[in-house]
Amino acid sequence: MQKDTEPQSGTWQEGSARANSEYIRHRITLDPITRLEGHGRIEVFLDDAGQVDHAYFQVPELRGFEKFSQGRPVEEMPQITSRICGVCPTAHHMASTKALDDLYKVEPPPAAKKIRELIYSAFVAEDHALHFYFLGGPDFIVGPEAPAAERNVLGVIAKVGVDVGKEVIAMRRHLREIVAMAGGKPVHPVFGLPGGVAKRITPEMQQQCQKVAAEAVEFAKFTLQIFEEIVLPNTEYVRLIVSDLYTHRTYYMGQVDEQNRLNFYDGKLRVVKPDGTEWKKFGPAEYLQNIAEHVEPWSYMKFCYLKPIGWKGFSDGADSGVYSVAPLARLNACDGMATPLAQNAYERYVSTLGGKPVHHTLANHWARVIELVYAAERLQELANDPELTSEHVRNLPTATPREGIGVVEAPRGTLVHHYQTDEQGFLQHANLIVATQQNAARIAMSVETAAKGLISLDHMDDGVLNKVEMAFRAYDPCHGCATHALPGSMPLVLRVHDAKGKTVAIVRRDRNGDVKRD
Amino acid sequence: MPTKPKVVFYWCASCGGCDEAILDLDERLLEVAGAIDIVFWPVAMDFKRKDVEALPDGAVFAAFINGAVRNSEQEEMAQLLRRKAKVVVAFGSCAQLGGIPGLANLFSRPDIISAAYLEPLTMDNPDRVLPSVHSRCNGQELELPVFQDRVRALDQVVEVDYYVPGCPPMPRIVYNAVTTLLGSELPPKGSVLAPNVALCEECSRKDTKPEKLSFTEFKRPHQVLIDEKLCLLAQGLLCMGPATRGGCDAVCIKGNMPCTGCGGPTSHVRDQGAKMLSALASLVEGKEPEEIERTLATIPDPVGLFYRYGLPASLLQAARQNQTRAA
């Protein structure tokens, strides 16, 4: 970071410059990459044969929450940390609130836990549905090889019917209204307090939850049907899912209940090995023994790995500590789903893909739909729970605070908030392990593998661009982008530079999906 | 047929919540999008910086920019969009006032970097590797934007024409702001495109606010069971309602938690935090300096409370910057 002490850009020694002229590296920059929550870019270097030498997935941004949270009253952390991500604010708010329970050693009343999980289920369902229809969906509902002009939300609608688009908008709104009703507002809710929630659910509110939950279950079933009827019969797409271009054999982490079934809100973290057997199962407090972070100078992103196995670079296999989180990883880490429709879908997923664990990155999309079914079913269970309307939604904390850890499964994977405070509850230290960090190494590998398999100086057409993008989109697209009103393929530009930065080729894809090479 | 006005949505140091706020227009988004020609919106469609660079200066009607300015890339983008757009709108708390990430201005850049890459409990970084503006990996040169010393509100970097407040702005405010700008007459430059009333005025608990509030101590929200009907200030909780611009329909209070001030000040107030502090000081029950001090000492984290969203744009920060300059 220290600008003055950095090696100067362009300080290639003459000798290395000469060497480089013999071995010309070309460089492709995808900046900014798309359908990603936040900023990102991919740098691809080609060798003199025009083949990919290396590819880097870079995150150019830092805001520094760990530092400026220090000195804040810890009860404010659920609202401060939700600003880490406005797409999944409810995940940060919830992990933070659970860290406060632990910090004050206060158990929320049963109704408060149910209200929290109700809000959380509505949030997960909304988030997953948006992704399926508007972000990842076009790639496989329409098809990765479809003309770019059709590979977008309009193409999805053309395939599944105009009314579905309207339904998705309405469903998203209804689910977000539940979060707003119980938590103030959908972006940056305010319900979380140590020992419970700020507001009770009235019988009137419960009725609305029941109505929306019933719609959500039907909607989830319908979404699953679309996947199974449109995507799965397409052998070409299934071949792509299982191809080596999108496959890495890593460890997987996800939160499970006592019967090892997936749980978004609470439980233990279970990690399975690349062969699918359990590596470890541990409670939130033991995350420190199991997760560590690695820094690379070329990204502001930190790369997580399994501490006892160690950082062995960007490689997969049982000897590398690289692991993955999010839908694919969660379904690998659990033994099944806690609701009937989701369990059914999970079994079909496992048998179709040849058993567990599933190492195919693109299977994240299918896993996400199965999780959508679970979230909707769970929402309905909670909405129908008579205890939901109890007036007892808070237990006041009495213990002296010192240290607390909270874990939830965010839509994109395991999320850990860990706070240390003084005796008055002012924050001294915050440690935050967010989902994307834990996928960062595997994403970097996925992008490089896809780039190596697909890109060369002679192969930079639209299909190539899209398939490289698909390598990261499966993990971490922006859930809030590219919705209904803004059809069109993602315009992209690839600039190919030589080692000194001189542009040697530009490939453009415009909004109509036309690809031109200048 | 007149062409549709070109519009840009861009994000700087932000969380994505402002982009979600645009999506939360829901069905009305179709109407808005139909009236404009969106030429750049990285999160949703046109990602090419080069395309923006290729537009003639002033070709864009309005650039809605959310997020604060934290690094060199964001500064460059703000300047580029300023050149291209007739109207620049600071969208959301971070762009308007600096936002929650603006609290980082309480700390130095090396301390922030250290907290992120050296101090975390899970960090394994024996060689003290830090993200670098220039680095070399496998003999290949890689670059990152410069993480700057301070967080700045958008108008501390480029000239801003209008402001849309909120963290994030509520759909109703977004809709009104956009349709106002698309209307036949632009509002006066510098306008905040939201109702110019204190939040208390629209609060559903307004009628329970006592004629004369008085405090002997302030409570923290986790310490008390919060009554769902009664004015939060009357319950001893620090609600920023009196010093905060409304228009959001007081939704946080409907969630039974205090307003934290994301709407920023009304136009009658220069500094939101100073306004709140003076309002509270005048309501302390005791009138002796020690009594006042004892009561005010029960306010936890005054800077983080009164300047939660507005530290970079505050008088406090201006004073500090002047001091630095003088020194």
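The exercises below walk through a predicted model with chains A and B, each with a worked solution.

In this predicted model, local features need pLDDT of at least 70 and side-chain atom pairs count only at pLDDT 80 or more, while totals for chains, interfaces and linings use all residues. Residues are numbered from 1 along each chain as its sequence is written, and chains are lettered from A and ligands numbered from 1 in the order in which they are written.

**Exercise 1. Describe the overall build of chain B.**

Begin with the secondary structure: chain B holds twelve helices and nine strands, where helices (H or I, at least four residues) and strands (E, at least two) are DSSP runs numbered from the N terminus. The radius of gyration, taken over C-alpha atoms, is compared with the globule rule, 2.2 Å times the number of residues to the power 0.38. For chain B the radius is 22 Å, close to the 20 Å that the rule gives for 327 residues, so chain B is as compact as a globular protein of that length. Along the principal axes, its C-alpha atoms fill a box of roughly 65 × 60 × 40 Å. Finally, 50% of the 327 residues in chain B are buried, a residue being buried if 20 or more other C-beta atoms, placed from the backbone, lie within 10 Å of its own, exposed if 12 or fewer, and partly exposed in between.

**Exercise 2. Work out the order of the strands in the five-stranded sheet of chain B, and find its edges.**

The sheet is open, with parallel pairing and the order 2-1-3-5-9; two strands pair if DSSP finds at least two bridges between them. Strand 2 (37-40) and strand 9 (162-164) of chain B each have a single partner strand, so one side of each is left without a neighbour in the sheet. From one strand to the next the twist averages 30°, with axes that are lines fitted to C-alpha atoms (for helices over the stretch in contact) and angles that run from 0 to 180 degrees between N-to-C directions. As for one pair in detail, strand 1 (residues 6-11) of chain B joins strand 2 of chain B over three bridges in the parallel sense, and Lys6(B) stands opposite Asp37(B).

**Exercise 3. Characterise the side of chain B that touches chain A.**

Count the residues on both sides: 79 residues of chain B are in contact with 82 residues of chain A, contact meaning that the C-beta atoms, placed from the backbone, lie within 7 Å. Several elements of chain B each supply at least two residues of this side, among them helix 1 (17-23), helix 2 (27-35) and strand 7 (140-143). Sorted by class, the side has 47 nonpolar, 15 polar and 17 charged residues; Ala, Val, Leu, Ile, Met, Phe, Trp, Tyr, Cys and Pro count as nonpolar, Asp, Glu, Lys and Arg as charged, and the others, Gly among them, as polar.

**Exercise 4. Trace the hairpin made by strand 2 and strand 3 of chain A.**

Strand 2 (residues 41-46) of chain A runs antiparallel to strand 3 of chain A, and six bridges join them. One bridge pairs Leu46(A) with Val52(A). Five residues lie between the two strands, and Gly50(A) in the turn has a positive phi of about 80°. Strand 3 (residues 52-58) of chain A is mostly covered, with six of its seven residues buried.

**Exercise 5. Find which helix lies across strand 12, strand 13 and strand 14 of chain A.**

These three strands form an open antiparallel sheet in the order 12-13-14. Helix 15 (residues 435-454) of chain A lies across them, running at about 130° to strand 13 of chain A.

How values were computed. Two residues are in contact if their C-beta atoms, placed from the backbone, lie within 7 Å.
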